[in-house]
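Colleague: I am new to this structure and would like a short tour. Could we begin with the strands?

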Amino acid sequence: MSVPSTDSLVTEVTAILSRLGVQELPHDGDLVARTPITGGELARLRSHSAAEVAEIVASAQDAFRTWRTVPAPVRGALVRELGELLREHKDDLGALVSVEAGKIRSEGLGEVQEMIDICDLAVGLSRQLYGLTISSERPGHRMMEQWHPLGVVGVISAFNFPVAVWSWNAALAFVCGDPVVWKPSEKTLLTALACQALIAEAARRVGAPAAISSLVLGGAEVGEALVDDPRVALVSATGSTRMGRAVAPRVASRFGKLLLELGGNNAAIVTPSADLDLTVRGIVFSAAGTAGQRCTSLRRIIAHTSIADELVSRLAAAYGSLPIGSPLADGTLVGPLIDKAAYEGYVTAIEKARANGGELLAGGERVLADDAPDAYYVQPALVRMPTQSDIVQAETFAPILYVLTNDDFDEALAMHNDVPQGLSSSIFTLDVREAETFLSAAGSDCGIANVNIGPSGAEIGGAFGGEKETGGGRESGSDAWRNYMRRATNTVNYSTELPLAQGVEFL
């Protein structure tokens, strides 16, 4: 398997960044930007110090004082400009996502399309940040609910969606009246530089404060400085459950607001009535897409014993034909893991599965790339498990799909919910009773529940997020915008009397 050289990728990235507004690719910092395509170095960026983070937050706080007084429909103009710039530069930013995160071309472009979609949603939302009119028990009084800008929003994002998750937060925050300070993953720094250049240009065009969007770069100490700053009203953090356990108490200790999008361990129940042609296609994309590095990736199949053998046979055949290679090459469906640590997690999980009685049915091997010993391409693994053991209960951020069997629907539901995570879920069935039960309060305990599609992939219009160890956060559509605002209940007395609520008499 051949891949482009690191030197050619550096040349391509330099040209892309220049077109996106980043005029010079830095090579003198302590943070190394790499491409998983070869494992080679693309650039070096400098970390921010804790003192610099504090200065950046102070500038954002100053921007908030101005931005919160701008009418929301006018704030929407900033996001409209960002959306237009993303449309103009979609191909370049999508290619940069592929180079830096390892996504195949269509997924890189799809991630930028998500950004465009959330901008469209946010622009419309800028005219619909509505409250309620509430009936008062007191004559001559009116009660109402208003939503006001919250303050500085800190965004901590992960490598697997290096630009979309920022945009989910930023587009809504901007129209809600909040500036954003963004700490991207140390593994995807260049896409963050590109996004910052685009939003800076959008702000310049509409006359928004320059500090409406800022970047802070670095490791855990930079994240801690952002998380601990009392001027950061909301921390929206995407990453592992372990990261969430570290962030949540720090924010809670200062009574800040928190939006967590953490781990997933997503399953598909496959019933006897399932359309297996549809099911196999849905499973393969959900499990192998993005090399299993989505929080919504399919990690467990819970198949009825009557169809399990046929399903496994079809899946093993499909896995054997998946094109693995450079995400920039036409026809590739599975690109690289992000780095060596991800590969080691993949190997360890397969070893533990086998030690717990698992049978490796397909994949499970590394695929070596010519002249790229530091790149980690792997075959998506299909493992049949006798029980839902500890390794099945854990999220491994790699393309490993565990197959479990059941004898009835109630058993399948119990197995489905018997994991600590609660992000996304799916069922493949043609039985309306099974489908409706799965979507009911007695069914899936996840924040996302799908019928006859896999758990991976979500539209902008719905709220995204999950329960249990997934953190309970909601981003993107529906009423997720309320995370970025504060609620005020107002009562207006337009009478000449002063009645008290609950019939209280005083004087």
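Modeller: A definition comes first: two strands pair if DSSP finds at least two bridges between them. Strands (E, at least two residues) and helices (H or I, at least four residues) are DSSP runs, numbered from the N terminus. Please note that this is a predicted model, where local features need pLDDT of at least 70, side-chain atom pairs count only at pLDDT 80 or more, and totals for chains, interfaces and linings use all residues. Residues are numbered from 1 along each chain as its sequence is written, and side-chain values use heavy atoms, with hydrogens and water left out.

Colleague: How many bridges join S4 to S23?

Modeller: Strand S4 (residues 141-149) and S23 are joined by 9 bridges and run antiparallel. Within this pairing, Arg142 has Val492 in S23 as its bridge partner.

Colleague: In what order do the strands of that open sheet come?

Modeller: The order is S3-S4-S23, with antiparallel pairing. Strand S3 (133-134) and strand S23 (485-493) are the edge strands, each pairing on one side only.

Colleague: Does S15 run parallel or antiparallel to S16?

Modeller: S15 and strand S16 (residues 400-406) run parallel, joined by 4 bridges. Ala381 stands opposite Ile400 in S16. With strand S12 (residues 359-362), strand S15 (residues 381-384) pairs in the antiparallel sense over 3 bridges, and here Glu359 faces Arg384 in S15.

Colleague: Changing topic, which residues touch the most other members in the largest nonpolar core?

Modeller: A nonpolar core is a set of buried Ala, Val, Leu, Ile, Met, Phe, Trp, Tyr and Cys residues joined through side-chain atoms within 4.5 Å. The largest one has 90 residues, and those touching the most other members are Leu45, Leu78, Leu86, Leu93, Trp166, Val180 and Leu190. A second, separate core of 56 residues includes Ile283, Val284, Ala342 and Ile427.

Colleague: Why does His89 count as buried?

Modeller: His89 counts as buried because its relative accessibility is 12%; buried means under 20% relative accessible area, exposed over 50%, and partly exposed in between (1.4 Å probe, protein chains only).

Colleague: And where does His89 lie?

Modeller: His89 is in the loop between helix H3 (72-88) and helix H4 (90-101). Not counting residues up to four places away in sequence, His89 touches Arg19, Leu20 and Leu198, where contact means heavy atoms within 4.5 Å.
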